[in-house]
Amino acid sequence: MSNDGSTVLKLLALPISIILICLGVNTILGGHITPGGGFQGGAMISAGVILSLFVYGFDKNPIDFSPSFVSAVESFGALFYVFLGLVGLVFAGSFLYNVGGDFFGIVPPMIKAIFHYPDPTNAGIIPYLNMTVGLKVMVGLTAVAIAFSQFKTFEEEQEEGDDE
Amino acid sequence: MSNSLRDLVLAIITALFGVTLFDALFHLRSIINPGISLVYNALGPNIAPNMVTNIVFDWRGYDTLGEALILVTAVLVVLLIFGRGKLKGDEE
């Protein structure tokens with residue numbers, strides 16, 4: 001897209017993207033302790049990727065999301081969320097029951113040990129749900145930006161084809 | 001209707017409306033049932049420190065699943081509407 005971008009922009013965009021992505025990962029992983037969460041962190045990661053995409057263009061983008069990667073991550077996020085919900089349905093009788101936290105003590109200890117997030121809080125599956133939603137949001141928002149940039153290229157190609 | 005009479009009627013109606021509103025509010029306070037909210041506000045900090053994430057992902061996790069699916073639907077609609085006639089399989 002932007003092949004005539006300024007040198008300063010091209011020099012600074014990649015470090016800023018990497019910082020944004022790291023900040024987003026930090027927000028997702030600390031979602032149950034600090035303000036933020038999966039959706040916000042995913043939007044931050046997506047902002048970093050979109051910045052890199054718009055500055056360097058689609059062809060020379062250093063942070064390249066291929067369509068297969070996008071679909072794989074999106075499917076993994078959705079399916080893992082539903083899987084965590086089904087685990088709660090099977091072992092506690094309620095969809096998306098917090099099997100790791102297990103506030104009512106109705107889950108077998110082995111299952112609880114698997115899904116308990118290892119940190120001093122009693123968050124259970126909340127961090128895992130944060131991560132899946134973060135992956136989904138990251139890939140979804142990035143896919144929209146990639147789609148818009150590519151549609152413009154298609155239109156230009158079509159117009160060039162009509163002129164010839 | 002003279003101007004002073006109109007003012008008088010307006011004052012009476014405003015007073016009546018205000019009294020009704022305050023009455024409703026005072027009675028509403030005793031009528032409202034906090035439901036599970038009080039219980040969850042007591043239990044929540046035992047799960048994780050961030051109460052907002054607790055509610056979004058624990059208490060209303062089903063809601064959050066639907067919210068994530070909204071985003072998927074938005075991406076799908078963008079690809080369908082703006083990519084119409086420009087996708088790989090189209091001959092045009």
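**Notebook: a first look at chains A and B**

I began with chain B, whose secondary structure comes to four helices and zero strands. I took helices (H or I, at least four residues) and strands (E, at least two) as DSSP runs, numbered from the N terminus. Read along the sequence, chain B follows the pattern α-α-α-α.

A note on what I am looking at: this is a predicted model, where local features need pLDDT of at least 70, side-chain atom pairs count only at pLDDT 80 or more, and totals for chains, interfaces and linings use all residues. Residues are numbered from 1 along each chain as its sequence is written, while chains are lettered from A and ligands numbered from 1 in the order in which they are written.

**Inside chain B**

I looked up burial next: 14% of the 92 residues in chain B are buried. Buried stands for 20 or more other C-beta atoms within 10 Å of a residue's own, exposed for 12 or fewer, and partly exposed for in between, with C-beta atoms placed from the backbone.

How do helix 2 and helix 3 of chain B pack, and at what angle? Helix 2 (residues 36–47) and helix 3 (residues 51–59) have axes 10 Å apart, at about 100 degrees. They are therefore roughly perpendicular (65 to 115 degrees) to each other. From helix 2, B:Y40, B:G44, B:P45 and B:I47 meet B:M51, B:N54, B:D58 and B:W59 of helix 3; contact here is C-beta atoms, placed from the backbone, within 7 Å.

**Where chain A touches chain B**

I found 30 residues of chain A in contact with 24 residues of chain B. On the chain A side, helix 3 (67–92) and helix 5 (126–163) are the elements that give two or more residues. Helix 5 of chain A gives the most, with twelve residues.

**Helix 1 of chain A**

Helix 1 (residues 7–29) of chain A has 23 residues and reaches 34 Å from its first C-alpha to its last, close to the 33 Å expected; the expected span is 1.5 Å times one less than the number of residues. I then looked for buried residues in helix 1 of chain A, and they are A:S17, A:I21, A:G24, A:T27 and A:I28.

**One loop residue**

Is A:G105 buried or exposed? A:G105 has 7 C-beta neighbours inside 10 Å, so I wrote it down as exposed. A:G105 lies in the loop between helix 3 and helix 4 (109–115) of chain A. I also checked A:G105 against A:S71: they are 34 residues apart in sequence and 37 Å apart in space, C-alpha to C-alpha.

Terms used
Two residues are in contact if their C-beta atoms, placed from the backbone, lie within 7 Å. Axes are lines fitted to C-alpha atoms, for helices over the stretch in contact, and angles run from 0 to 180 degrees between N-to-C directions. Angles under 35 degrees count as roughly parallel, over 145 as roughly antiparallel, 65 to 115 as roughly perpendicular and the rest as oblique.
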